[in-house]
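I opened my notebook to go through this structure piece by piece. Here is what I looked up, in the order I looked.

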Amino acid sequence: MWPVEYIHPATWDWFWLVTAFLFGAVVGSFLNVVIARVPLRQSVVYPPSQCPGCSTPIHWYDNVPLLSYVLLLGRCRSCGDRISLRYPLVELMTAAVSALLMGRFGPSSAYGALFVFCALLIAIFWIDLDLLIIPDVLSLPGIVIGIAASSLGAIPEMTWQASLLGCVLGGLILWLPAVLYEKIRGIEGLGGGDIKLLAMVGAFLGPYGVVFTLFLSSFTGAVGALLGMLINRTEANTPIPFGPFIAAAAVVYLFFGPNFVDYFFTLNQPFIIPGE
């Protein structure tokens, strides 16, 4: 996997950064449709966007990413119902990731491939958080795209062999304990969606990315479960979505993980801190 070299802001091409941010915001608006409709197996193309409260079609001037939410004060123009903060948040997340990828890779095939990866992760993050499901229609095509992008050289220093190995490792590393848990306890402890999601992560990030993502997501997931029990007094057996933790950990690895891997395997070079 590529070492992360942080680019000083003075060398950034601001035209491409702004373009990437705006493009990401537009894609984020589309991801909101995906998040709302894909779990219901509805078309993401038709009908056009409409208010969840009154079902009034949203005019184009009320559907400008980020800006419309601010101008409308977070409410529908027709019925006045409050619009979920999730909509601008998804747009902002996607825009920010797009700009960061552009700053890292520039206008290149790497930017395109990894932006698709991050867009899938963002959609999966919110769907699993809301409904405790990870649709196959997102993760399975993601696996194919990851292996194809690696085979074409679109992902730096990722070969199709590393992509395929990461995909297999990502699937098996969760599938085996899930099968054992179900046989011992008689109940499902880990959903198949999480297994396919980690396989998708492996297809894009390789075996090191899988190990890093699993470690970080398991740690943060355990902390999140503990906080939920302490703050919200949830039961120990309350289902907790694992997908958001996997998605977030994968993005962390994408921007910072390779340096951790290099540091712990070589132990002879300082860890690169952003800004230094």
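Predicted model: local features only at pLDDT ≥ 70, side-chain atom pairs only at ≥ 80, totals over all residues.

Next I asked which residues have the most contacts inside the largest nonpolar core. M200 turned up again, along with L101, F117 and L205. I noted 55 residues in that core. The elements giving two or more residues to it are α1, α3 (86-105), α4, α5 (136-151), α6 (160-185), α7 (192-231) and α8 (243-255). The top contributor is α4, with 15 residues.

That sent me to α4 and its partner α1. I looked up how α1 (residues 14-37) meets α4 (residues 109-131): their axes come within 10 Å and cross at roughly 40°. The crossing is right-handed. On the α1 side I listed A20, F23, G24, V27, L31, V34 and I35; on the α4 side, Y111, F115, A119, I122, A123, W126 and I127. Sorted by class, this contact has 13 nonpolar residues, one polar and no charged ones.

Last, the cysteines. How many disulfides does the structure hold? My tally is zero. I checked C79, whose closest cysteine sulfur is in C54, 3.7 Å away. A disulfide needs the sulfurs within 2.5 Å, so this pair is too far apart for a bond.

Note on methods
Residues numbered from 1 in each chain as written. Heavy atoms only, no water. Axes fitted to C-alpha atoms, helices over the stretch in contact; angles between N-to-C directions. Helix = DSSP H or I, 4+ residues; strand = E, 2+ residues; numbered from the N terminus. Left-handed = near helix turned anticlockwise from the far one by under 90°. Contact = heavy atoms within 4.5 Å. Nonpolar A, V, L, I, M, F, W, Y, C, P; charged D, E, K, R; others polar. Core = buried A, V, L, I, M, F, W, Y, C linked by side-chain atoms within 4.5 Å. Buried < 20%, exposed > 50% of the residue type's maximum accessible area, 1.4 Å probe, protein only.
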